[in-house]
Amino acid sequence: MLSVCATPIGNLDDVTLRVLAELREADIVLAEDTRHTRGLLRRHGIDAKLVSYHEHNEAERVAQLLPRLAGGERVALVSDAGLPGISDPGARLVRAALEEGVSVTVLPGPSAVETALVASGLVAERYAFVGFLPRKAGELRALLAELAPLGWPVVAFESPQRLPATLRALLAGAPEREVAVCRELTKRFEEVVRGSAAELAGRFAEAPKGEITLVLAPVAAEPPGDEAARAVADLVSAGTPRRLAADVVARLTDVPRNELYRASL
């Protein structure tokens, strides 16, 4: 059986009883960083056989582990923080195990995504999670432009070194957009800084320390009346009589014709 175990995102006491029990019972524990996981096990008095499992040896480990899983061994998979397979190694092993008919169970627990979303105060009924933001400036700008039309918050991971550049990119596109920089969540120096992209670009002009989760509020939509008024102005600039332009746009929108006409004067 393969057990995918969520581990603390910071505070070592934020681990479930089910995960602790599974780590005690497992024949082996797959860890992204065995030194990091050893600290968690030591904190809770667990003695387990640790085997490294990370992005650089994932393919090799999957080939080694499938026969053991098929043979009935109990394997627990953890990452350094949070749930394996979400912006961390693990998805390949889960897919391979399922294809081989191996039982896979997921033990839920701490999540930097949902913790940051709630702490930001920007919670909505829907949200988008985009993992780690692109390293290259052009790719980052393209992603931000792609996300701009969304009407719900966006959560992303970012490195502290790249945070200033990311905030400057947000500033260039939507300076008034609400942003929350969530740093070192659940740890001793936890900090959640909220403000506009302009404010936070100034606040984090230099790279901070610690792990960063960003929450971006939806880009404020332009009021329909403003869009309609601009459409009238464009028609008038193209030579359409003002009253006719207002009448045409009013028929296509819910904005009163008289209001559009007055706004165009």
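**Exercise 1. Two helices side by side**

At what angle do helix H3 and helix H4 pack, and how far apart are their axes? Work out the handedness of the crossing too.

Before we start: this is a predicted model, where local features need pLDDT of at least 70, side-chain atom pairs count only at pLDDT 80 or more, and totals for chains, interfaces and linings use all residues. Residues are numbered from 1 along each chain as its sequence is written, and side-chain values use heavy atoms, with hydrogens and water left out.

*Solution.* 

Step 1. Find the helices. H3 covers residues 58-70 and H4 covers residues 91-99. Helices (H or I, at least four residues) and strands (E, at least two) are DSSP runs, numbered from the N terminus.

Step 2. Recall what to look for. Two packed helices are described by the angle between their axes and the distance between the axes. Axes here are lines fitted to C-alpha atoms, for helices over the stretch in contact, and angles run from 0 to 180 degrees between N-to-C directions.

Step 3. Read off the geometry. The angle for H3 and H4 is about 35°, and the axes lie 10 Å apart.

Step 4. Settle the hand. The H3 and H4 crossing is right-handed; that word applies if the near helix is turned clockwise from the far one by less than a right angle, and left-handed if anticlockwise.

**Exercise 2. Cysteines and a strand**

How many disulfides does the model have, and which residues does Thr213 touch?

*Solution.* 

Step 1. Count the disulfides (cysteine sulfur atoms within 2.5 Å of each other). The count comes to zero.

Step 2. Buried means under 20% relative accessible area, exposed over 50%, and partly exposed in between (1.4 Å probe, protein chains only). Cys5 is buried at 0%, and Cys182 is buried at 1%.

Step 3. Go to Thr213, in strand E10 (residues 212-216). Thr213 is buried too, at 6%.

Step 4. List its neighbours. Leaving aside residues up to four places away in sequence, Thr213 touches Ala112, Ala116, Val155, Ala156, Phe157, Ala180, Val181, Cys182 and Leu185.

**Exercise 3. A covered helix**

Which residues of helix H7 are buried, and what covers them?

*Solution.* 

Step 1. In H7 (residues 163-173), the buried residues are Leu163, Pro164, Thr166, Leu167, Ala169 and Leu170.

Step 2. Their cover includes helix H6 (137-147), strand E7 (154-158), E8, helix H8 (197-203) and E10.

**Exercise 4. Loops up close**

What polar contact does the side chain of Asn57 make, and what is the phi of Ser87 and of Thr186?

*Solution.* 

Step 1. Asn57 lies in the loop between strand E3 (50-52) and H3, and Asn57 is buried at 9%.

Step 2. The Asn57 side chain makes a polar contact with the side chain of Ser52, at 3.3 Å. Such a contact is a pair of N or O atoms within 3.5 Å; within protein, one must be able to donate a hydrogen and the other to accept it, and residues adjacent in sequence count only if both atoms are side-chain atoms.

Step 3. Ser87 has a positive phi of about 60° without being a glycine. Ser87 belongs to the loop between strand E4 (75-78) and H4, and is partly exposed at 30%.

Step 4. Thr186, also not a glycine, has a positive phi of about 70°. Its loop runs between strand E8 (178-183) and strand E9 (191-196).

How values were computed: Contact means heavy atoms within 4.5 Å.
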